[in-house]
Every structure is written in C-alpha cells, then in structure tokens.
Amino acid sequence: MALSAFDLFKIGIGPSSSHTVGPMVAAKRFVDALREAGHLDVTASVHIELFGSLGATGHGHGSVPALVLGLMGREPDTVDPSLTPDVVQRVRTSNRLELAGQHPIPFDLEEDIVLHRRRASPIHSNAMTFEARDDAGTVLVERTYFSIGGGFVLNGTDVSGDAKLVEDTTPVPYPFTTGDAMLAYAHDAGLSVSELVWANERTWRTDEEIRTGLLNIWAAMSDCIERGVHAEGVLPGGLKVRRRAATLHQALTQRAGSGDPLDQMDWVTAHALAVNEENAAGGRVVTAPTNGAAGIIPAVLRYYVDSVPGSNDDGVVRFLLVAAGIAMIIKANASISGAEVGCQGEVGSACAMAAAGLAEVLGGIPAQVENAAEIGIEHHLGLTCDPVGGLVQIPCIERNAVGAIQAITAARMAIHGDGSHYVSLDKAVKTMRETGADMKDKYKETARGGLALNVVEC
C-alpha cells in the first residue's frame, strides 16, 4: 500500500483539489526548488503554462489565484481563504508579486500565466510548466508538474509514460491494492477492513496520532458543514447560483419532530449541499477524495453520528479508515481525477468510500463492506464531468447530495445481504478505468461538453 489515509484526506481550500489545491502545491514546490538551487534572490521573472483541463477551466476552478498564492509561499492547509481575494487583487493591480513571500518580482497575471484551452500533455491532462529566468533572460529553473486529483501533485521526473504515484517502499503488514486482496487479508488475519488499514497506518504513526489525526479531519469536515448551513447568498463566479443549504437547514429545524420519515434524507441533502457550497465559495474543505466530491463523506458520516444508535468517535475513526482503504484501491487501479476519467472518478469514488465506511460501522463484515463499495462505484459508471461555466457548481453541488443518498442506500443494501454478489469491486473499478479511457476529453472537466455546452450561461 503506497498511500496513507492522511494522503487522501487533506485539509485545503475550494473549489477544486486538482485545479486549486494542486496548482498551489505545485507553485510552492517550484519556489522551494528555486530556493534550494540558490536562485530565489536572482529570479527576475516567472512564467507558467497550464494545459488540458487546467487550461480549459483554470479561471472557473480558481487555478490562477492558487498559483499566485503558491508562488508567494502559501500552502492549502494553512492559507486563510477569506484573505485570498484581496491578496490576488493586490498582485493584479500592482503587477508585482513577492516570490516566497520575500523576493519581489514583476508579475502580470494575464501575461505570466497562460491557459492553453486545447493543448494537453500525453502523460496527464492536468500539466503545468513553470519557468524562472534572471535579468539576462537565462533560464534558472524549469519544472513540469501534474495535478492528478485529490491534491496529489507529481514532478515530471516522478513519472514515465503515465502519471501514477511512485510506490512507497516502506513495508506495511497488509499491502492490499485490490478488493480481492483486501478480503483475503481480512479473512486470513481475522480482521475488519478498518483494522487492516489501522495496522498499515501504524507504519507511519502511533495509535494516538492516527486517532487524533482522523478526528481532526472529521472536525474540519463538521466545521465545514456548520459554516455551510448558516451561509446565505449567491456563490461567486457569474452563474448566480443561490446557496440552498441554509434555507433547507432552517426548514428542517423548524419542523423537527414532524414525523416525516424523509426528514432524515433531507438532513443528509442539506449537509452535502453545505459542504459543496462552501467549496464553490473557495472555503476550507477536506479532499474526500477530491474537492468536487467533498460533500459526500461528511454528509454520510454526519448521518452516522446523528442517526445511528451507539455512534461514537471510535466509529468515526473506523469509518474514515475504511473509506481511505477503498480510495487506495480505486487510486491504484483507476483514478479519482475528473480530468482523467470524468466524475465517476470523483463522485463515484466518494460514494463507494462512504458506502463502505457506513457499512462497517453498521456492523458489516468485510465482504459486505466490499459489496457496499462496489454498489457505490457500479452505479456511477460513465458519469461525466461537465461543469457549467467551468465552475464547481452545476451540476457538482447537487450531485454530491444525490451521491450521499446513494451511499447510504448502497451500505444498507449490502448489510441486508450476506456479502456475496455478482460484480466484484475490482471489476467495477476496472470498468471505471476503461470507461474513462473511452470517454471523450470534452466530458472530462473541460466545460466543453454535456451540460457545460447545452446550458446557456447568463
């Protein structure tokens, strides 16, 4: 297993893990490379080019502000989202930027960040090239990075032929990368899925660090829900999409105890909408596994905490460990990037993760957990990523609410069975990868197909 749960659940900012978090990480990494090479103080200019989906939707997905912040030395998990607009506006009006927060250089957002709408790298759609020059025009450092979804960023030297993470060579006790291997380890060791992942996490962290870290992740998710259900108004970006989570939250609060059996579903909807409205507004969210699908796991986990008898912090930790384990399988064998395989890789993956996590804390055995994940993936196969206006708003926000409900349904279906089923998780994941490869590029986060083409922007 090459990944940790903390690689998959990362605190960052909206609206996109691959288009906002990834570019910020890459820009910060480039500045660090300049410093390490001793070139920071003699850098006179920086030029950046974005390709593929990054180039096609970079403005709507916040890539340009993210690059500015990264060049200034900011990082996604600590940057203050509320200060971002003012910081970027100062750069825009002054045409100057403090590289690494200490070395001022001329910087024109329109000239020094180039978005190629129809050029892509053969390695991965989300490619970025950075170039730094001195006063004489000599190239000091040049780097290419790939944002492969969920905030993961690869250097050009990290890949050969395709953009996949380099395997972590640290040995773990249960190195599963497939659903079948996960079930085999669980059977042979007599462990639950969460116990398998916990044992692997001990390779890098103590028990206390694992527990505290995951509860901090849940706290960040929960905080995002609370901000979202109390925020009103219109989302930025020009589509004038009105926030709905607060209105729904108010209505549900007022009719508490009404006896409507569907109120529980409406609460899940409100919580998923809240997170993705916060994401669309550029607020602080947790990649789960991406920003575009960030509302599903928090909404389903909140359902567990609020509605399942006996829920507790131990259950929250188990839920997140299982969800991470499923994400590791998907990432190893397919993708969580909308730019690579469409929204089946984002909302589909998040639905599978949430379904599996819920199945375990509802008492599911490993076979039922794997079944829940498979149901979550199978019924999102072929889902395109076609954001209207290149913004993570339509259909993304509603899609998270629907995905959260589907995850709960998948988990409950699985635990009412005995774990046996016709389609395995591995087959579903393989199908997702193949479907993504067959999918036309215009349906992979480019805003050039589907709803993005047929819905007129007003």
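A cavity here is a set of grid points where a 1.4 Å probe fits but cannot get out. I keep that in mind for this notebook, and I also note that the model is a predicted one.

**Entry 1: the cavity**

How many cavities of 30 Å³ or more does the structure hold? I found one. The space in the largest cavity comes to about 150 Å³. I then looked up its lining, which is made of 15 residues, and those closest to the centre are G292, E346, C385, V392 and C396.

**Entry 2: helix α5**

Next I went to helix α5, which spans residues 84-94. Which of its residues are buried? My list reads T84, V87, V88 and V91. These residues lie on the same side of α5, because they cover an arc of only 90° around the axis. A reminder to myself: an α-helix has 3.6 residues a turn, so residues three or four places apart point the same way. I turned to the other side of α5 and found P85, R90 and T93 exposed.

What covers the buried residues of α5? The cover includes α4 (63-71), β3 (96-99) and α6 (109-112). I also checked what comes just after the helix, and there N95 takes a positive phi of about 55°.

**Entry 3: strand β6 and its partners**

I moved on to strand β6, residues 127-133. Is this strand mostly covered or mostly open? It is mostly covered, with six of its seven residues buried.

I looked for its neighbours in the pairing. Strand β2 (residues 45-50) runs antiparallel to β6, and six bridges join the two. One bridge I noted sets E49 against T129 in β6. β6 also pairs with strand β7 (residues 139-147), again in the antiparallel sense, through seven bridges. Among the facing residues, A127 stands opposite F146 in β7, and A132 stands opposite V141.

**Entry 4: two hairpins**

I followed the chain through the turns. β6 and β7 make a hairpin with five residues between them. In that turn I picked out G137, whose phi is positive at about 90°.

Where does β7 go from there? Three bridges join β7 to strand β8 (residues 153-155), and these two run antiparallel. Y145 is opposite N155 in β8. β7 and β8 form a hairpin too, with five residues between them. Its turn holds G149, which has a positive phi of about 105°.

Notes
Residues are numbered from 1 along each chain as its sequence is written. This is a predicted model: local features need pLDDT of at least 70, side-chain atom pairs count only at pLDDT 80 or more; totals for chains, interfaces and linings use all residues. Side-chain values use heavy atoms; hydrogens and water are left out. Buried means under 20% relative accessible area, exposed over 50%, partly exposed in between (1.4 Å probe, protein chains only). Helices (H or I, at least four residues) and strands (E, at least two) are DSSP runs, numbered from the N terminus. The arc is that of the directions from the helix axis to the C-beta atoms. Contact means heavy atoms within 4.5 Å. On a 1 Å grid over the protein atoms alone, a cavity is a set of points where a 1.4 Å probe fits but cannot get out, and a pocket is an open set with protein on both sides within 12 Å along at least five of seven lines; lining residues have an atom within 4 Å of a point. Grid points are joined across faces, edges and corners, and a volume is the space filled by probe spheres set on the points. Two strands pair if DSSP finds at least two bridges between them.
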